[in-house]
Amino acid sequence: MSGAPTGTPRVYLAVDPGQRGGMAAVLAGPGIEPRAAVRWAGGAHGYWRGADPRRLEIVGAAAGCIEEVLTAAGLPCGQERDEVPVTVALEALLVFEGEGVRATKTSAVGWAVLREALRDMARPLGSDPAVLRPQTWRRMVGLPRGGGKAVTIAWCARVWPSVGMVPPGGRVPSDGVADALAMASALAGVVQAPGSASGRNSDKERG
């Protein structure tokens, strides 16, 4: 994959809804060095798991991610910044063998609340979030089939060396943040470190 997307700059916001999930935003576009920002899920069940999904925290985290990448790119406040399109993606809800009916229903409720909250962050407003299975976004960035969480973390560290993935008070990178960052990168077409000589983006705009 090489070349840069055509058209206006765009923010790609992606969320891993797992119990140790995370959120990431990537800004990409013609003439702009790609930027990335991440947020960690908070609380015992993250923003989006458990019986009481915290919609305001979800929206606040997403807004913070978006503003961070726009500020890092030097886009001025005002109408120009407000009109930057935002594509939103959410990893598909996965049900694992041995997970009880109650736990599955609780996860589904949290996932649905997250999906609705993210619709409010999309621009144009109300656009439905894309729902991606892990196999899909992993293939889009060239990760091998069957590669574990460590492979994704290593990929993110190579492509985004300046983006911290260790949560406050933690000692190791968050695999949920790494998944979200790789997913957002896949949508943005950023598959190599920004500024690399061999190109950084896919040959067509995503989103």
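Guide: Buried means under 20% relative accessible area, and exposed means over 50%. Keep in mind that this is a predicted model.

Visitor: Which residues are exposed on the face of helix 5 turned away from its buried side?

Guide: Ala150 and Arg158 are the exposed residues there.

Visitor: Which residues of helix 5 are buried?

Guide: Helix 5 spans residues 149-159, and its buried residues are Thr152, Ile153, Trp155, Cys156 and Val159. They sit on the same side of helix 5 because they cover an arc of only 160 degrees around the axis.

Visitor: What do the buried residues of helix 5 pack against?

Guide: They pack against helix 4 (134-140) and helix 6 (175-188).

Visitor: Now to charges. How many salt bridges does a search of the whole structure find?

Guide: First the general idea. Side chains of opposite charge can pair when their charged atoms come close. In this structure the search finds five salt bridges.

Visitor: Which residue forms a salt bridge with Lys149?

Guide: Asp179 does, with the closest N and O atoms 2.5 Å apart. Asp179 lies in helix 6 and Lys149 in helix 5, so the pair ties together parts that are 30 residues apart in sequence.

Visitor: Is Asp179 buried or exposed?

Guide: Asp179 counts as buried, because its relative accessibility is 3%. Lys149 is partly exposed, at 43%.

Visitor: Which residues do salt bridges with shared partners join into one network?

Guide: Arg115, Glu116, Arg119 and Asp128. Within it, Arg115 meets Glu116 at 3.9 Å, N to O. Arg119 meets Asp128 at 2.8 Å, N to O. Arg119 is partly exposed, with a relative accessible area of 25%.

Visitor: What about Glu91, which is buried yet has no salt bridge?

Guide: Glu91 is found in strand 4, residues 86-91. The nearest side chain of opposite charge is Lys149, 5.8 Å away. The side chain of Glu91 does have a polar contact of 2.8 Å with that of Trp137. Glu91 also touches other residues, including Val15, Trp111 and Met183.

Visitor: One more feature, the peptide bond. Is the bond from Arg123 to Pro124 cis or trans?

Guide: In general, most peptide bonds are trans. The bond from Arg123 to Pro124 is cis, with omega near 5 degrees. Pro124 lies in the loop between helix 3 (101-119) and strand 5 (130-132).

Visitor: Where is Gly31 found?

Guide: Gly31 is in the loop between strand 2 (22-29) and strand 3 (32-40). Gly31 counts as exposed, because its relative accessibility is 84%.

Technical notes
Residues numbered from 1 in each chain as written. Predicted model: local features only at pLDDT ≥ 70, side-chain atom pairs only at ≥ 80, totals over all residues. Heavy atoms only, no water. Helix = DSSP H or I, 4+ residues; strand = E, 2+ residues; numbered from the N terminus. Buried < 20%, exposed > 50% of the residue type's maximum accessible area, 1.4 Å probe, protein only. Lys, Arg positive; Asp, Glu negative; His and termini not counted. Salt bridge = Lys/Arg side-chain N within 4 Å of Asp/Glu carboxyl O. Polar contact = N/O pair within 3.5 Å; in protein donor to acceptor, adjacent residues only side chain to side chain. Contact = heavy atoms within 4.5 Å. Arc of directions from axis to C-beta. Lists of a residue's contacts leave out its neighbours within four places in sequence.
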